[in-house]
Amino acid sequence: MSVIEFTLNGRQQRLDVESDTPLLWVIREQLSLTGTKFGCGKGLCGACTVHLDGQPIRSCSFPVSLVAGKRIRTIEGVAPSAEQLHPVQQVWLEGSVPQCGYCQSGQIMAAVALLERNNAPSDADIDSAMSNICRCGTYPRIRTAVKRAGELMQGQGVVGLFDPRAGANGGPDSEQKESQA
Amino acid sequence: MSLSRREFFKGGAAIGGGIAIGLTLTGCGGQTAYPGASASDLRPNAFLQVRPDGVVVFQLPRAEMGQGVYTGLTTVVAEELSMPASAIVVEHAYYHPAFRDAEFGMMMTGGSVSLRNNYTILRQSAANLGEWMRQAAATQLNTDAAGLRVENAAVVSPDGSAIGFAALVETAKTLTAPEDAELKNPADFQQIGKESVRLDALAKVTGTATFGIDCNVPGAVTAVMRRCPHLGGRVKRFDDNAAKAIKGVQDIFEINGAVAVVASGYWPARKAADALEIEWDKGALAGLDEAKLLAHHRELLLEDGRNVAEIGDEKSAIGERVEVEYRVPMLSHSPMEPPNALVSISSDKVEVWTGSQVPDTVIGVVAAAIDCPREQVVVHNQMLGGGFGRRLVPDYIVEAAKIAKQVGKPVKLVWSREDDVQHDYYRPAATALLSATVDNGRVTSFGGKTVVPSIMGRLMPIFAEAAMPEWLPPAIPRSLAGLARHFDTSMTEGLGDTNYRFPYIKIDTVRDETPIPVGFWRSVGHSQNAFFTESFMDELAHKVGQDPVAFRLQHIPEESNRYRVLKMVAEKAQWGQAPAGQFQGVAAHDAFHSSVAQVVNASVKGNAIQVHKVVCAVHCGLAVNPDVVRSQMESAIIFGLTAALKSKITLDDGRVVQSNFHDYTMLKLAETPEIEVHIVPSSEPPTGVGEPGLPPLAPALANAVFAATGQRLRELPLKLA
């Protein structure tokens, strides 16, 4: 066991964990945030996608020891407030993207990571960034939603390049403010 | 069992301060108490209730697994009550006999029947509730109900004043619940047939939707299992020295022919399971591989089998005989949420948190597995992270119950993806012989013979054991299984019962008595039989030198829905005018009372097949939520594309070769074609949409590949030589 510190959705965490435990199980079982899903355990499907310093990672095969001192963001930390959705969530909702919904947290995290870097992605950008598996086949709606969310984010002036030091990266994320907690 | 509408609606009852509107299946145990209910709970025993605060609660009787029942069925209720669907509180219904499907006799989500079989019941149920509140308002206002209307959970007077449901509940309880209130005129529908956002979307975009795997209770431990990789095999002996040393591991024992590891969380349990050294008894399927399976199917094809359909005169079958063999492999369902269940056993209650398509079967099998009365078992059904038929089989729940009983603590059993791919109840492998006679450019006969296992024969013992009274000896379910095998329509559905017309049609089937676990996979027998039929129809069209659309239209009755969707898809897809470099294929199929036709535009580079566009036309009666219908067509097309281009479960020495998404690959966004869905306008009652979009895809694609290359691919997944 070793003590690991990192921030999760802006809140400082200090945990005593086996260092080889995948981040996914720490998030789901120890920190009780169940929005991030277990799909394959091998980093193949992306249902477990979270952000590490703004980068999408597949937490089912990412040892928790590697997140020490880093900032982790999950689906629970995407919306700017309890009353407001992230633009990606908003268009996902309006487009009725989810079916069973199980993979959608991971899909949204992948989309947010893409759009916070590039809010006018080409089809090729979307093809390569959105590689998560959806067994229900929501792909056509995901493609449409990613484009719409990009337009929305352009209009809101949300985004540009992600700056790991800025924390909130100009986006609706409020990590910086809460990180002292 | 035949029920009049009146009989159906006898069960209106007032309980616990609210009003519950229920439907009782006369003589089918309508008196059964609602599990866990108490008078103060306000928990209903049927579809609808009004809480004392005036909120309308809908007990969703079917599992939401992506197919949209959460939205569709709630919309039906909301329409009759003239209130927004989003204002209704939706709860996953607990088991009650009133929630059994009238056709299947079980509380089951499958067969694409949720809307078809609940549409009228739910409209009537909601209309009765509305009428009850109207009567209550009339009583309170001492006026005639005729001038009052129900709207937004209130009853509105002609002068515009409104009384909310909350203020009417007590009065309503003094009145007799109406049984056959007048239904809304479809011309007045405000919500049915209109576009609306899915009601479960908000929870699903915020990560707050609860699936079985997200459930937890205090003191619960996590279990994983190592099952024999050889299907049907079991553990002989195991060494757990290394496994026991892993921190967090609490218990390791043999159960169900496998080894269970119980630990403080998933990761220590998984690590310990991987550290086990196990010697297996490979079981009856040892030595079985693909070559032997095919050889066995070819032997069976020589048998006469059972005749399923024979139409017309055999003497009409004149001319040149054409005979070809088609094949499909086994397939795993692999829903994104791996099978899992949380079971907590106390002295008088067994609670199960899981996602299941068959909550009443779960009750029966859990009671049998841990030897407790069925009345003690409560199933807390959750959102299903995909079903596709996998969650019709409760094997994973039985495992969890047995482990929970053994360790004496609440246990959450979680399957790995490897467990899922290697221990499914698979879409069976099937082989078929398609034949025809062609005389003078005219097809004079159409024949088909399938070799395939019986799914019902395999699964009936499970369902029957759960459904039969507990005191019946186990021999009864077993004999029912024998009966089911004999009448298993899935072996030829979509082949023997199409509306194609030829002078002579003969359909036969030979049962493959394999012990391989097989199950219901999205669209079941149609998933292979449409591929056989619609590919072979294409072959025949080319054989007689006709256009594949025109040839089909010529052999389908003009008044049929299949004729309509085929005409529509040909027009919408601009049949015959594919963009340069692309080639078109078509297929049209009836399944689950709906008709779907698809045109695929594809191209071929080297040996790679690229799908550019799929145009789909569907007739599904009244589209309650057209957007859900479109999404289900998109879903089935992509599910079908994965199967047509990629998926194959193969056996070697009786074990499944594939194990995870690296070798059981799925279509991804980058490979997804443009999809266009057209719905035939209809005012007929709604029919299925979850499954019927799948069957035409594979043959339409295979036919497009033929158009592109001249190669007739008669095996799935499609592979160019």
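What follows is a walk through a predicted model, from chain B as a whole down to a few of its strands, and then on to chain A.

Chain B comes first. It contains 18 helices and 28 strands. Along the principal axes, the C-alpha atoms of chain B fill a box of roughly 80 × 70 × 50 Å. How does the radius of gyration of chain B fit with what a compact globule would have? For 721 residues, a compact globule would come out near 27 Å, and chain B has 27 Å, so the two agree. Buried residues make up 57% of the 721 residues in chain B.

Domains 1 and 3 of chain B touch, with 19 residues of domain 1 in contact with 22 residues of domain 3. On the domain 1 side, the elements that give two or more residues are helix H2 (69-81) and helix H3 (114-141) of chain B. H2(B) has the largest share, with 4 residues. Sorted by class, this side of domain 1 of chain B holds 7 nonpolar, 10 polar and 2 charged residues.

Zooming in on chain B, strand S4 (residues 56-60) is a handy place to look, as it pairs with both strand S3 and strand S5. S4(B) is mostly covered, with 4 of its 5 residues buried. With strand S3 (residues 48-50) of chain B, S4(B) pairs in the antiparallel sense over 3 bridges, and Leu48(B) stands opposite Phe58(B) of S4(B). S3(B) and S4(B) form a hairpin, and 5 residues lie between the two strands. In the turn, Gly54(B) has a positive phi of about 90 degrees. What about the pairing with strand S5 (residues 89-92) of chain B: parallel or antiparallel? S4(B) and S5(B) run parallel, joined by 4 bridges, and Val57(B) has Val89(B) in S5(B) as its bridge partner. To get from S4(B) to S5(B), the chain passes through H2(B), making a right-handed β-α-β crossover. H2(B) is also the helix with the largest share of the domain 1 side that touches domain 3 of chain B.

Chain B meets chain A too: 47 residues of chain B are in contact with 43 residues of chain A. Helix H5 (201-205), helix H7 (266-275) and helix H17 (626-645) of chain B are the elements that give two or more residues to the chain B side. H17(B) has the largest share, 7 residues. The chain B side is made up of 23 nonpolar, 14 polar and 10 charged residues.

That leaves chain A itself. Its domain assignment gives domain 1 (2-77) and domain 2 (87-155), and the centres of these two domains of chain A are 21 Å apart, taken over C-alpha atoms. Between them, 15 residues of domain 1 of chain A are in contact with 12 residues of domain 2 of chain A. On the domain 1 side, strand S3 (49-52) and strand S4 (55-58) of chain A each supply at least two residues, and S3(A) has the largest share with 3 residues. This side of domain 1 of chain A has 6 nonpolar, 8 polar and 1 charged residues.

Terms used:
Residues are numbered from 1 along each chain as its sequence is written. Chains are lettered from A and ligands numbered from 1 in the order in which they are written. This is a predicted model: local features need pLDDT of at least 70, side-chain atom pairs count only at pLDDT 80 or more; totals for chains, interfaces and linings use all residues. Two residues are in contact if their C-beta atoms, placed from the backbone, lie within 7 Å. Ala, Val, Leu, Ile, Met, Phe, Trp, Tyr, Cys and Pro count as nonpolar, Asp, Glu, Lys and Arg as charged, and the others, Gly among them, as polar. A residue is buried if 20 or more other C-beta atoms lie within 10 Å of its own, exposed if 12 or fewer, and partly exposed in between; C-beta atoms are placed from the backbone. Two strands pair if DSSP finds at least two bridges between them. A crossover is right-handed if, with the strands pointing away from the viewer, the path from the first strand over the helix to the second runs clockwise. The radius of gyration is taken over C-alpha atoms; the globule rule is 2.2 Å times the number of residues to the power 0.38. Domain bounds come from an automatic or database domain assignment.
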